[in-house]
Amino acid sequence: MTQLKTITTQISEALSSSIDPLNTAQVTFKINRLTLMLAASCHAVAWAERIYSRRMQQLTEDKTWANLSATDKKAIFAGYCRDEAYYLTLTERQNKAIIHALEALKAMMWNSEA
């Protein structure tokens with residue numbers, strides 16, 4: 001989980017770094033940086049899904065919850081898996097944000113060349 005936190009922090013920093021949209025060198029640099037982060041982001045999504053699934057499997061297999069209803073289990077598991085669910089949601093959103101940012105940056109480059 002520590003490595004996943006590190007990756008999401010790096011992705012957040014890459015997404016939030018500001019640039020001058022009129023400076024093609026800065027735009028190109030950010031495109032290159034986000035392109036590299038896209039691969040890490042895809043990996044982070046898969047990793048977060050794996051961590052979340054593994055945690056849910058552990059809870060499901062635990063006999064402690066055998067006599068509870070599905071609704072009760074869902075509520076309890078959501079509490080126990082809140083960090084895993086947070087990072088799963090975060091990585092998915094970061095991945096989408098990178099894709100949208102790349103599209104916007106490429107449009108800036110295209111418009112500046114026209």
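This is a short tour of a predicted model, stop by stop, for you to follow in your viewer.

**Before you start**

Residues are numbered from 1 along each chain as its sequence is written, and side-chain values use heavy atoms, with hydrogens and water left out. Because the model is predicted, local features need pLDDT of at least 70 and side-chain atom pairs count only at pLDDT 80 or more, while totals for chains, interfaces and linings use all residues.

**Stop 1: the whole chain**

Show everything as a cartoon. You will find 4 helices and 0 strands, where helices (H or I, at least four residues) and strands (E, at least two) are DSSP runs numbered from the N terminus. From that end on, the elements run α-α-α-α. The radius of gyration is 19 Å, well over the 13 Å that the globule rule gives for 114 residues, so the protein is more spread out than a compact globule. That radius is taken over C-alpha atoms, and the rule is 2.2 Å times the number of residues to the power 0.38. Turn the model along its principal axes, and the C-alpha atoms fill a box of roughly 65 × 25 × 15 Å.

Of the 114 residues, 26% count as buried. Here buried means under 20% relative accessible area, exposed means over 50%, and partly exposed is in between (1.4 Å probe, protein chains only). Residues 24 or more positions apart account for 73% of the contacts with a separation of 6 or more, a contact being heavy atoms within 4.5 Å.

**Stop 2: helix 2**

Select residues 24–61. How far apart are the end C-alpha atoms of helix 2? They are 54 Å apart, which agrees with the 56 Å that its 38 residues should span at 1.5 Å a residue. The expected span is 1.5 Å times one less than the number of residues.

Asparagine 23 caps the N-terminal end of helix 2, with a side-chain oxygen 3.0 Å from the backbone nitrogen of alanine 25. For reference, a polar contact is a pair of N or O atoms within 3.5 Å; within protein, one must be able to donate a hydrogen and the other to accept it, and residues adjacent in sequence count only if both atoms are side-chain atoms.

Next, color the buried residues of helix 2, among them Val27, Lys30, Ile31, Leu34, Trp47, Ala48 and Ile51. An α-helix has 3.6 residues a turn, so residues three or four places apart point the same way.

**Stop 3: helix 1**

Pick Thr8, which lies in helix 1 (residues 2–16). Is threonine 8 buried or exposed? Threonine 8 is buried, with a relative accessible area of 3%. Leaving aside neighbours within four places in sequence, threonine 8 is in contact with Tyr87, Leu90, Thr91 and Gln94. Then draw a distance to Asp20: threonine 8 and aspartate 20 are 12 residues apart in sequence and 24 Å apart in space, C-alpha to C-alpha.

**Stop 4: helix 4**

Begin with Glu84 in helix 4 (residues 82–113). Glutamate 84 is buried at 12% relative accessible area. Beyond four places in sequence, glutamate 84 is in contact with Met1, Ile51, Tyr52 and Arg55.

Move along to Asn95, also a helix 4 residue.

For contrast, select His100 in helix 4. Histidine 100 counts as exposed, at 51% relative accessibility. Its C-alpha atom is 19 Å from that of isoleucine 7, 93 residues away along the chain.

**Stop 5: the cysteines**

Finish with Cys42 and Cys81. Cysteine 42 is partly exposed at 43% relative accessible area, whereas cysteine 81 is buried at 1%. How many disulfides are found in the whole structure? The search finds 0, with a disulfide taken as a pair of cysteine sulfur atoms within 2.5 Å.
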